[in-house]
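I set aside a page for how two chains meet. Here is what I looked up, in the order I looked.

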Number of protein chains: 2
Amino acid sequence: MVSEDFKAMLGGKSVIRVLAEYATARGAEIGYENVFDYSLGNPSVPAPKEFTDAMIRLLTEEDPMTLHGYSQSQGIPAVRQKHADYLNKRFNMNYTAEHLFMTTGAAGAIAHAARAATKPGDEVITIAPFFPEYVQYINRTGAVLKIVPADTKTFQIDFNELENAFNEKTAAVLINTPNNPSGAMYTEETLKTLADMMRSMQSKYGHDIFLISDEPYREIVFDGKTAPYPAHFYDNTLTCYSYSKSLSVPGERIGYVAVNPKATDADIISVMCGQISRGIGHNCPPSIIQLAVSEVLGVTSDLSVYETNMNLLYDELTSLGFEVTRPGGTFYIMPKALEKDSIAFCNKAKDHDLILVPADNFGAPGFFRMAYCIDTEKVERSLETIRSFVKECY
Amino acid sequence: MVSEDFKAMLGGKSVIRVLAEYATARGAEIGYENVFDYSLGNPSVPAPKEFTDAMIRLLTEEDPMTLHGYSQSQGIPAVRQKHADYLNKRFNMNYTAEHLFMTTGAAGAIAHAARAATKPGDEVITIAPFFPEYVQYINRTGAVLKIVPADTKTFQIDFNELENAFNEKTAAVLINTPNNPSGAMYTEETLKTLADMMRSMQSKYGHDIFLISDEPYREIVFDGKTAPYPAHFYDNTLTCYSYSKSLSVPGERIGYVAVNPKATDADIISVMCGQISRGIGHNCPPSIIQLAVSEVLGVTSDLSVYETNMNLLYDELTSLGFEVTRPGGTFYIMPKALEKDSIAFCNKAKDHDLILVPADNFGAPGFFRMAYCIDTEKVERSLETIRSFVKECY
């Protein structure tokens, strides 16, 4: 018989997906340009020319046997070395190739990091608001995801709530900064306080507690700032990265785990990840994509549109009276709805062809998420719709 | 603390990998051309020009947003439709796009098929000789791999042994034809008998028993024959395919699960696989590789070298008195060693710079595997070494 466990999941479609499908269907009726679709977190700018050029050069100049050959399960050694060199220079770290593990995007990275850092029955703490897929990412390892309520004023960490969440089963804390869905970027102070608390909990419970730091939005940061690098603050950090957003290649499934050289067992965690791969069908990310990203380290798509869009929306939303934390990065913003029930609020917006996602599933009931990875021209046109929606309904 | 479970696996290096590393090191000493390395099952012919051309065309002509965008977790709909059409035409099946699930190679395919067809505690039967990674592929799902001893005369299935292996916990049978490591191709008669037995066991135990058919060597078949298609014989078949061998792109991680339209729950298994992906970090195989393979369906590398090599080795080995079953396909051959202890036998061969892999880990103690995916010129030169090794040692 087919697995009842996975069969039971078939009903559970993601709210985001349902709304995106509605937007597409509605677009077919009235023209997609007339639907203000803020549902999906899909990059809206093309991959940089450097990436395409690297791919074409590999295909035309490299020996196809080497180019398309098996990579080591940890990743192609030269690719890992280049990543170590790049991260060391950029973040003043001391990675060697042995600390890198190449993955199929951030999903692959977290799948390995979580299995390396936990055993079945352990708890992994994450902090709301959070990416809803974390529930699957963690619970399917045999560990249990424990959610700390959001500090809804700043979307930094509520450390009173966090402190209460630790117990002897805590094996890891999973953070995401800059954050999907809130757009908040954890400050140095937040990361320092987090590290202090985690060190104290390691002492209290007498075992390692790993920080799994999910950083796909690291390059999308506003106001000329840069994102603090969490591994700087805490030794037991497993940094999970994806090129999906920075290079606009979400379909190509490429990222990595970088193990802080100061972490416990730092020299073997990447090798362990290679063993973990054997049981989950991962093996290695595609060779040509590994090689291509390693040739464009530090290059990104033109990401400036996201800041332009954020400012347009933030200014409009605040002037309309929304309670909203100004994003520090990403392509998301998460205002408070104008009524308690954010699902009802988003349904009313839908009647105005304004597609907003209630943030209940992100652990922030009463809020909604807008993914502004769309053309600026469309954001500008949407402002009038937002105004008339608010005026009519509230 | 890092996972003791995966940490414990670190010692367990694959015998094949150890021998391949020895061959490389020895090659550095005496010249790799002087090491007759039959250890690794890595394609020795380049990817076809059609594949490279398809990749370059996609990169130069397609909109990068679409090209590198997220695929559905089941795979890009047009790619799945093309696969269904191709398989229907070639194998006279009735697949629709809904029966296809695109994966990162056969490892990804089996990771999903096994989870779809079993629950923790179930048993999955495989038939020796078998690919040693099956132990990890199956046992890490929570099910248990049960190994049926080999019919060492023909390397077809020993049906007496197989019959004894079934019980009420049997959820699936995992086969690999043409077979790594034996090179045997299951005959129509073998597949028919297998299907009859599985149907009878389904009746006896009152539940579905799935056939997970791992077919990466489907296109490497000798003597002008074609491989019988297991799904033809048994409704509850999940066909797992990889392009690694047929297109010589093992590093690019691309394959699929094709669900027999006559299987129980045929219409939902691919969707279930999409749910399974969420917990193991799979998401989808790389978009550009999905698109490229879908443009070259039916194309293969020039695979003729494998048959040439097989004939050279088979003739030499039989004339030297080895007991050996003539392969029907793949790039492997598995003769009986000239002494009971095949590890001792392979060690002696190693002293002649002849790298053979003892088949104990493949479930065929007393045999050894040769992977003849190397240049024919080297196979020819190796024959004299094989002769002198046998003459000196036996």
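Predicted model: local features only at pLDDT ≥ 70, side-chain atom pairs only at ≥ 80, totals over all residues.

Before the first entry, a working rule: I count a salt bridge when a side-chain nitrogen of Lys or Arg lies within 4 Å of a carboxyl oxygen of Asp or Glu. Glu133(B) and Arg278(A) pass that test, with their side chains meeting at 2.7 Å, N to O.

**Entry: confidence.** Chain A has an average pLDDT of 96, and 100% of its residues reach at least 70. For the complex, the predictor reports an ipTM of 0.96 and a pTM of 0.96.

**Entry: the extent of the interface.** I then asked which three residues supply more than any other three on the chain B side. They are Met1(B), Tyr70(B) and Arg278(B), with 13% of the area that chain B buries against chain A.

**Entry: polar links across the interface.** The rule finds four salt bridges between chain B and chain A. I also noted 26 residue pairs in polar contact across the interface, both partners at pLDDT 80 or more.

**Entry: symmetry.** What superposes chain B on chain A? My note reads: a rotation of 180 degrees with 0.0 Å of shift along its axis, at an RMSD of 0.0 Å. The two copies are therefore related as by a two-fold rotation axis. The same surface serves both copies, since 100% of the contact residues of chain B recur in chain A.

**Entry: salt bridges elsewhere.** I widened the search to the whole structure and got 47 salt bridges over all chains. One that I opened lies within chain A: the side chains of Asp5(A) and Arg140(A) meet at 2.8 Å, N to O. This pair links distant parts of the chain, 135 residues apart. Asp5(A) sits in helix 1 (residues 4-7) of chain A, while Arg140(A) is in the loop between helix 7 (134-139) and strand 4 (144-148) of chain A.

Key. Residues numbered from 1 in each chain as written. Chains lettered and ligands numbered in written order. Heavy atoms only, no water. pLDDT = per-residue confidence, 0-100. Buried area = accessible area lost by both parts, 1.4 Å probe. Polar contact = N/O pair within 3.5 Å; in protein donor to acceptor, adjacent residues only side chain to side chain. Least-squares fit on C-alpha atoms with pLDDT ≥ 70 in both. Contact = heavy atoms within 4.5 Å. Helix = DSSP H or I, 4+ residues; strand = E, 2+ residues; numbered from the N terminus.
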